Amino acid sequence: MPACSVLEQVRAIVYHECMHEMSLAVNIVELVSEKAQGAGGKKITSVELEAGKLSGVMIEALVFCFDAASRNTPAEGARLEVREVDGLGNCLGCAHSFALDSLLGQCPQCGGYGVETVQGKELKVVSFTIDEE
Ligand SMILES: [Zn+2]
């Protein structure tokens, strides 16, 4: 078996395991590439993201997939910086706000399970840097 087919197999497995992150990475690359071109920039040097701790996104996988997804785009070689955002819940029973570390949180004040997640599920591009030269 030639060495390159082994490489292809490994790559297929890795992609399969981070399929969710791969599609997120493709979306991010498309978004920033479009905006960079609209702004007249040719190359994106860094992208800053906010990822909620309750979003289920595997950050390491996302960074890996971003490298792959950005090849042959203006975002190729850009540094991806991911800032984690803590979960925040709001109790629907007593209106208490508290830190949430799971989507099935319980209110520490009244013990209720009617908790609205107000922060921590999002994944968004906060900013990116364009090299205009
Ligand atoms: Zn409560």
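# Chat about a predicted model

User: Which residue takes a positive phi in the hairpin of S3 and S4?

Analyst: Ala 95 does, with a phi near 65 degrees, and the hairpin has 5 residues between its strands. Residues are numbered from 1 along each chain as its sequence is written. The model is predicted: local features need pLDDT of at least 70, side-chain atom pairs count only at pLDDT 80 or more, and totals for chains, interfaces and linings use all residues.

User: What is pLDDT?

Analyst: The predictor's confidence in each residue, from 0 to 100. The chain averages 88, and 86% of the residues score at least 70.

User: Which element has the lowest mean?

Analyst: Helix H1 (residues 3-17), at 58, while strand S3 (residues 87-91) has the highest, at 96. Where pLDDT is low, the predicted coordinates should not be read in detail.

User: How many helices and strands are there?

Analyst: The chain has 3 helices and 6 strands, in the order α-α-β-α-β-β-β-β-β. Both are DSSP runs numbered from the N terminus: helices are H or I with at least four residues, strands are E with at least two.

User: Back to S3. Which strands does S3 run antiparallel to?

Analyst: S3 joins strand S4 (residues 97-100) over 4 bridges, antiparallel, and strand S5 (residues 115-119) over 4 bridges, also antiparallel. Two strands pair if DSSP finds at least two bridges between them. Asn 90 stands opposite Ser 97 in S4, and Gly 89 stands opposite Thr 117 in S5.

User: Is Val 82 buried or partly exposed?

Analyst: Val 82, in strand S2 (residues 79-85), is partly exposed because it has 18 C-beta neighbours inside 10 Å. Beyond its neighbours within four places in sequence, Val 82 is in contact with Leu 49, Ala 51, Ile 59, Leu 62 and Val 63. Contact means C-beta atoms, placed from the backbone, within 7 Å.

Terms used
Buried ≥ 20, exposed ≤ 12 C-beta atoms within 10 Å, placed from the backbone. Contact = placed C-beta atoms within 7 Å.
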